[in-house]
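This report describes the pocket, the fold and the overall dimensions of one protein model. The sequence and structure come first.

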Amino acid sequence: MSRIRARFWDPTGARYGLPSYPWRMAPPHLLTLRQLAARGLRPGGQGVQALLQWASRRYRGRGGVRAAYLYDIRFALPKRAPTIRQLGALAKANAARRTCPECSRDVGYVLSRRLGVCNDCAERREMEHAA
């Protein structure tokens, strides 16, 4: 094992408070949130079980160490399915984000927060201000 990887190898948790593993060396039953989600699971109330750590050139200014939390797949539960009402509420909220307040039409894309209106109305405004 390289020196860099050995720096993060702490399966007992003596150094970091939680068991810590270097990149790609965690036990197979420990997964990140994204890995759980890809399998249709959620942590299910369990706390963080371990850390995955690696040295990063991108974050050299902040210590150069990145970390990901690991959860035990044995305690994970299936994701909850949204109710019909929740799906309806999401559909309404998304429709409101796509509706232009000036021309009152659903433009088919989420309006820019900077402009606050659809692209057509923003262009019309720009033409009026230029004239």
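## Largest pocket

The largest pocket holds about 210 Å³ of space. A pocket is an open set of points on a 1 Å grid over the protein atoms alone, where a 1.4 Å probe fits, with protein on both sides within 12 Å along at least five of seven lines; lining residues have an atom within 4 Å of a point. Its volume is the space filled by probe spheres set on the points, which are joined across faces, edges and corners.

Lining this pocket are 13 residues, and L30, T32, Q35, L52 and L70 are the closest to its centre. Strand 2 (30-31), strand 4 (50-55) and strand 5 (65-72) each give two or more residues to the lining. By class, the lining has 10 nonpolar, two polar and one charged residues (nonpolar: Ala, Val, Leu, Ile, Met, Phe, Trp, Tyr, Cys and Pro; charged: Asp, Glu, Lys and Arg; polar: the others, Gly among them).

## Basis of the model

The model is predicted: local features need pLDDT of at least 70, side-chain atom pairs count only at pLDDT 80 or more, and totals for chains, interfaces and linings use all residues. Residues are numbered from 1 along each chain as its sequence is written, and side-chain values use heavy atoms, with hydrogens and water left out.

## Fold and dimensions

Four helices and six strands make up the elements, in the order α-β-β-α-β-β-β-β-α-α from the N terminus. Helices (H or I, at least four residues) and strands (E, at least two) are DSSP runs, numbered from the N terminus.

The C-alpha trace spans about 70 × 40 × 20 Å along its principal axes. Of the 131 residues, 24% are buried (under 20% relative accessible area, 1.4 Å probe, protein chains only).

Technical notes:
Buried means under 20% relative accessible area, exposed over 50%, partly exposed in between (1.4 Å probe, protein chains only).
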